[in-house]
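Please take a moment to look over the structure shown below before reading on. The paragraphs after it are meant to be read with the model open beside them.

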Protein chains: 2
Amino acid sequence: MTTSRFSEIPGASARHRCGLTLDTILASGIESAGENQIITDGGMDLSYRDFGVRVRQLGHALMQQGIKAESRVAVMERDTHRYLEAYFAVPMLGATLMTVNIRLSLEQIRYTLEHSKTELIIAAAEFLPMLEQVYQGADSIPPIVVIGHAPTALPFAGEYEALLAEADASFVFPAVDEDAVATHFYTTGTTGLPKGVTYTHRQLVAHTLAVGFAFGTTDDYQSFRRNDVYMPLTPMFHVHAWGLPYVATLLGVKQVYPGRYEPSEIIRLVRTENVTFSHCVPTIMQMLLAEAEKNGTKLPGWKVIIGGSAMSPALAKRAMASDIQVFAAYGMSETCPVISFSRTTAAEAKANPEKMCRVGHAIPLTELKIHHPQESAAQRRGELVARCAWLTDAYFDDPHMTAQLWRDGYLHTGDVAVQDDDGAFHIVDRTKDIIKTGGEWLSSLDLEACIAEHAAVEEVAVVAKPHEKWGERPCAFVKPRNPDMDPETLFSEIRNALRTRIEEGKLPPYAIPDEIHLVDMLPRTSVGKLNKKALREQLNTD
Amino acid sequence: MTTSRFSEIPGASARHRCGLTLDTILASGIESAGENQIITDGGMDLSYRDFGVRVRQLGHALMQQGIKAESRVAVMERDTHRYLEAYFAVPMLGATLMTVNIRLSLEQIRYTLEHSKTELIIAAAEFLPMLEQVYQGADSIPPIVVIGHAPTALPFAGEYEALLAEADASFVFPAVDEDAVATHFYTTGTTGLPKGVTYTHRQLVAHTLAVGFAFGTTDDYQSFRRNDVYMPLTPMFHVHAWGLPYVATLLGVKQVYPGRYEPSEIIRLVRTENVTFSHCVPTIMQMLLAEAEKNGTKLPGWKVIIGGSAMSPALAKRAMASDIQVFAAYGMSETCPVISFSRTTAAEAKANPEKMCRVGHAIPLTELKIHHPQESAAQRRGELVARCAWLTDAYFDDPHMTAQLWRDGYLHTGDVAVQDDDGAFHIVDRTKDIIKTGGEWLSSLDLEACIAEHAAVEEVAVVAKPHEKWGERPCAFVKPRNPDMDPETLFSEIRNALRTRIEEGKLPPYAIPDEIHLVDMLPRTSVGKLNKKALREQLNTD
């Protein structure tokens, strides 16, 4: 007998084929947490063991509501222990957790609830007025489990705590296949409808192990270990808070859930609960720094991953001045999300903040590489592509967009990157924003950074305009600090400053924009990202 | 569409389904190793990148030899970079690495080579005389790739380095399914033939991630991280050196391979190469301590996992006196092997060495529990059983023994354990060695430990003898330090000492052995373990 497959091994059927499923993360966490607790709702605390009981109660309560394998259960809630309960209980039923992005437009929220075929919604009372608007005129509305108390005309399935109190604390979850879809959420861009992204148990567990391995074994400056105290500062509806609550639970560390984000309350929690590990987007870090600086508060021993969009070296230095240990990680909604981070020590971070603002090195078991289209091979830059065991399989029910995401066996990030001499990657631009001029690639982000250095510039966006001879040429949209400033003077100063940058070798010689436009404000998408598509359309219709 | 399976998601076929395969460990290691090297053969060093090239060359050379998916390739070699090359190259071909236990009898070695259907052997020249004896009179002998040079009458397939030199350094390994069997070796007990144990790529990768997560995120006292230097001190044929070379490679740390174990050379390597992380059985640690103590050598900063058999608190204290950071881990050939370890800080280890000699707590994603047969439920002790994603599926081609290993969906360890108040487990005895007397369980190990405290006792073994009234009663076999000692005096002193232990509550009242026998030596198995089966047979034939 030379066979090598499980099912063909004699006697193998007697064993338990242990899948990579989320219930094993919860069980390990409870086993190893000891006295550690989950702090939530502004002071309440919950032991891991009690948390485990509540997960069983929620599982039983949802089953009583008719939730079964492959049902979609949507959640609209602030960052609390209840959201974490849903992170486990819903997938452990074999059902799928749909995390609703409450910052989308009403129309988009309705689209995502309907497109995902949501069968039940768990919603905090504060979101009921929003849901009433979302479902205005709807023929069919899913039943709603309400967290808290508020009158509503929506179909009411019960109050969250009341349902848990009635549920069976010794409920046993069914066996779930590791390839069952555990989570489902939507990502939006500048074009088209929100796209559904899903993850299986196996993908989430593999991500949890690899991320835990990466941050466990790295330098103390940026480590996440059993002696840490965790608080998420990326909303739990956003790519399951970057997957870190699963890592925290597997570690069995003390966890702090901040509820609705209030800068002063967050700073207070970091200090009083001795929070040591968090993660957020640059905007949140800016908000927290403004609060901390106002009061001269230092936050030593607080390690914070910055992701979502690029951290500037200026922000990194500012955070370090408040004793915060920041560093960048990289990923997308489609990558679970973490696939790389800037490995650094405290000394390196201080000496060279630019380095720890990069995409950095791939985490274990992840392949990152630059996809070289013919035209840019000589420049060592191209689209960053990835491959590992926790990338989303496909956009939900959208083969057309999926075919753009997955090409040649790699997930295409849509980011243009360069690999530095030390093997770390850094992002140059979005593929759709890079300016292809005379056979060369010009980074709109590089050009924006140089223009933004001018003291009179408040905001700037650079986009490509089609050009007969060169293919494309850069055009800039500038919002001045002083709206009364003479445009021609400003434009001339900007061009002179760019010439200096070209002489210094910081920009290529063909970087001076053909056009500079003065604007009152720059267009943004519903989630606050710069809408370059609108600017390109504006140029084309001029 | 509410489907949740990969193959049913529209467009999903465009993506690469990334398996948990060993090639991803090697690729991540090379990517993250930087300047770290693999030190081997008493001074030679190899960059990770060069190591990767040699793995490709070995893969190509083996393919040229006719090795393909599901072929078994056996290795007989000391702990060197060549063994590590085989750890990757053989499984990455879809073939299976058979690690030959060179300490077995010639007859057992031949059995394991034939039972595994080995198609090719890679053997160091020093093992050729052994192989000639193994295959004396054999009809068919697999071809042998020889490491080094020596004349032989065995079928010669080429010299290892010569084959690599001829091979294609740009060889691309085929895609391998994560459920393909990667490794195969044999475990021996006191009864029957050696039993074949196999692991798939998926099991080895899951073990690597979970072990890396566990030792990465634990206290500095016992951590294994990117800044460590690794040296195995468990032979690479023994459960793939406890799987730690795969963890070390994924970390990209400097690795030191000691070749043949020589205490003075090992101590020298620890000091000159700044080794910080190793693992060994208690016997090896004793040997190294004798060497270190002889020269008054301290080994600060050296973390060493002790496993294979129980570490005594005395050994723990002795190792700590030489500044070595020891702690126990637990597992078996059938568990990949690591499934638990004694979590400890330096302060706890010093204050309470007993605690870090225990089986301890399960590593992430592992379930450990006590299986309570009716008779012992009240005693909180019973057989330790386990479940996780990296336990062996089955004994190779042995459904009978597999049915004993896997029962009720759990792997049965054959160890009797107790769970302490802090949740950690400790081993009381082997299930087959525990003495069932008057409906109670008596640990032969506890009794042996108490008898061994007597200054006149060199070695002791306690086994059960059938008893009409009590079911079983304990009998002791004692080897005295001084062979001329009067037996009756010794027996009387031992019984008195045991009565004191009973009064202190350290032993139950029924623990005094019915019989004590004086012996010149205790019987041992081929791998040096105490052979209690032989002692029980001796009692029954008396």
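This is a predicted model: local features need pLDDT of at least 70, side-chain atom pairs count only at pLDDT 80 or more; totals for chains, interfaces and linings use all residues.

Residues are numbered from 1 along each chain as its sequence is written, and chains are lettered from A and ligands numbered from 1 in the order in which they are written.

Chain A is divided into domain 1 (25-34 + 47-199), domain 2 (202-430) and domain 3 (435-541), with bounds that come from an automatic or database domain assignment. Between domain 1 of chain A and domain 3 of chain A, the C-alpha centres lie 44 Å apart.

We can begin with a sheet in chain A. Helices (H or I, at least four residues) and strands (E, at least two) are DSSP runs, numbered from the N terminus, and two strands pair if DSSP finds at least two bridges between them. In chain A, 7 strands form an open sheet with mixed pairing, in the order β7-β6-β5-β3-β4-β8-β9. Its edge strands, each of which pairs on one side only, are β7 (156-159) and β9 (195-200) of chain A. On average, and with direction ignored, neighbouring strands of this sheet are turned by 25° against each other; for such angles, axes are lines fitted to C-alpha atoms, for helices over the stretch in contact, and angles run from 0 to 180 degrees between N-to-C directions. Within the sheet, strand β3 (residues 72-76) of chain A runs parallel to strand β5 (residues 118-124) of chain A, and 5 bridges join them. Here Val73(A) stands opposite Leu120(A) in β5(A).

Next comes a helix that lies on these strands. Helix α3(A) lies across β3, β4 (96-99), β5, β6 (144-147) and β8 (181-187) of chain A, and runs at about 145° to β4(A). Which helix packs with α3 (residues 81-92) of chain A at an angle of about 55°? The partner is helix α2 (residues 48-64) of chain A, and the two axes are 9 Å apart. That angle makes α2(A) oblique to α3(A), where angles under 35 degrees count as roughly parallel, over 145 as roughly antiparallel, 65 to 115 as roughly perpendicular and the rest as oblique. The crossing of α2(A) and α3(A) is right-handed; a crossing is left-handed if the near helix is turned anticlockwise from the far one by less than a right angle, and right-handed if clockwise. Among the residues that make this contact are Phe51(A), Val55(A) and Leu58(A) of α2(A) and Phe88(A), Ala89(A) and Met92(A) of α3(A), where two residues are in contact if their C-beta atoms, placed from the backbone, lie within 7 Å. By class, the contact of α2(A) with α3(A) has 9 nonpolar, 2 polar and 2 charged residues; Ala, Val, Leu, Ile, Met, Phe, Trp, Tyr, Cys and Pro count as nonpolar, Asp, Glu, Lys and Arg as charged, and the others, Gly among them, as polar.

Another helix pair in chain A consists of α11 (residues 282-294) and α12 (residues 313-321), which pack at an angle of about 40° with their axes 11 Å apart. That makes α11(A) oblique to α12(A), and their crossing is left-handed. In this contact, Pro282(A), Met285(A), Gln286(A) and Leu289(A) of α11(A) meet Leu315(A), Arg318(A) and Ala319(A) of α12(A).

Turning to chain B, we find an open sheet of 7 strands with mixed pairing, in the order β7-β6-β5-β3-β4-β8-β9. Strands β3 (residues 72-76) and β5 (residues 118-124) of chain B run parallel and are joined by 5 bridges, and Val75(B) stands opposite Ile122(B) in β5(B). Helix α7 (residues 201-217) of chain B packs on this sheet, touching β8 (181-187) and β9 of chain B. The axes of α7(B) and helix α9 (residues 244-251) of chain B come within 9 Å and cross at roughly 70°, and the two helices are therefore roughly perpendicular to each other. Their contact has 6 nonpolar, 2 polar and no charged residues.

Finally, strand β14 (residues 324-331) of chain B pairs with strand β15 (residues 338-341) of chain B in the antiparallel sense over 3 bridges, and Tyr330(B) stands opposite Ser340(B) in β15(B). The hairpin of β14(B) and β15(B) has 6 residues between the strands, and in it Cys336(B) takes a positive phi near 90°.
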